[in-house]
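Subject: The structure, and what turned up in it

Hi,

Here is the structure I promised to pass on. Have a look at it first, and then read my notes below.

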Amino acid sequence: MGKPDSAAADAAIALLAGSFTGTGASAALELRGDYNLSLSGFGTADVALQRSFDGGVSWNDVDSFAGDAEMAGFEAEGGMLYRLNCGAHSAGTIAYRLSR
C-alpha cells in the first residue's frame with residue numbers, strides 16, 4: 001500500500017522493513033495474496049527472498065538479487081512465512097521493504 005504522502009502512516013496490511021549492513025536474515029512475515037518487495041542501496045551483496053512451509057524451520061529461495069530491485073508477487077497458500085537473507089555482503093547498506 002505505501003504512503004499517499006510523506007506525512008501519512010504506511011497503509012500496508014503487513015510490513016517488514018529494515019536494512020542490512022552485513023550478512024544475516026530479517027525477521028519473518030506471513031504473506032498471503034499480493035505482496036511487494038523493494039531493495040535499494042546495494043553496494044556489493046546478494047540478498048535472497050526466502051519462503052518457509054514449516055513455520056520457519058527450513059527456508060527455500062524464491063528469488064535472489066545482486067542490485068536494487070522492485071518486484072510484486074503472489075502467494076496463493078495461507079501460512080507461508082517469508083524473509084530476506086543477506087548471504088554475501090562486502091559494501092553498502094541495503095534497505096528493504098516487504099509488504100502486503
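With which side chain does the side chain of Ser38 make a polar contact? With that of Glu70, at 2.7 Å. Before I go on, please keep in mind that this is a predicted model.

Ser38 sits in strand 3, and with a relative accessible area of 18% it is buried, because the cut-off for that is under 20%. Leaving out residues up to four places away in sequence, Ser38 touches Ala69, Glu70, Ala95, Tyr96 and Arg97. As for Ala12, 26 residues separate it from Ser38 in sequence, and the C-alpha to C-alpha distance is 13 Å.

Next, the nonpolar core. The largest one has 21 residues. Strand 1, strand 3 and strand 5 are the elements that each give two or more residues to this core, and the largest share, nine residues, comes from strand 3. Leu39, Val47, Leu49, Leu84, Ile94 and Leu98 have the most contacts inside the core.

Now the aromatics. There are two aromatic pairs in the structure. One of them is Phe20 with Tyr96, a tilted pair with 4.9 Å centre to centre and 40° between the planes. Phe20 belongs to strand 1 (residues 15-20) and Tyr96 to strand 5 (residues 69-99), so this pair links distant parts of the chain, 76 residues apart. Phe20 and Tyr96 are both buried. Tyr35 and Tyr82 form a tilted pair too, at 5.2 Å centre to centre with 45° between the planes. Because Tyr35 is in strand 3 (residues 29-52) and Tyr82 in strand 5, the pair ties together parts that lie 47 residues apart in sequence. Tyr35 and Tyr82 are buried as well.

Tyr82 comes up again with Glu75. Glu75 is in strand 5, and its relative accessibility is 5%, so Glu75 counts as buried. The side chains of Glu75 and Tyr82 are joined by a polar contact of 2.5 Å. A polar atom of the Glu75 side chain also lies 3.0 Å from the backbone nitrogen of Glu77. Neighbours within four places in sequence aside, Glu75 is in contact with Leu31, Arg32, Gly33, Tyr35, Arg51, Met80 and Tyr82, so you'll find both tyrosines of the second pair in that list.

Last one: Gln50, back in strand 3. Is Gln50 buried or exposed? Buried, because its relative accessibility is 6%. Its side chain makes polar contacts with two others: the side chain of Asp61 at 2.9 Å and that of Arg83 at 2.7 Å. Setting aside neighbours within four places in sequence, Gln50 is in contact with Trp59, Asn60, Asp61, Val62, Leu81, Tyr82, Arg83 and Asn85.

Cheers

How values were computed
Residues numbered from 1 in each chain as written. Predicted model: local features only at pLDDT ≥ 70, side-chain atom pairs only at ≥ 80, totals over all residues. Heavy atoms only, no water. Phe/Tyr/Trp six-rings, centres within 6.5 Å; stacked < 30°, edge-to-face > 60°. Helix = DSSP H or I, 4+ residues; strand = E, 2+ residues; numbered from the N terminus. Buried < 20%, exposed > 50% of the residue type's maximum accessible area, 1.4 Å probe, protein only. Polar contact = N/O pair within 3.5 Å; in protein donor to acceptor, adjacent residues only side chain to side chain. Contact = heavy atoms within 4.5 Å. Core = buried A, V, L, I, M, F, W, Y, C linked by side-chain atoms within 4.5 Å.
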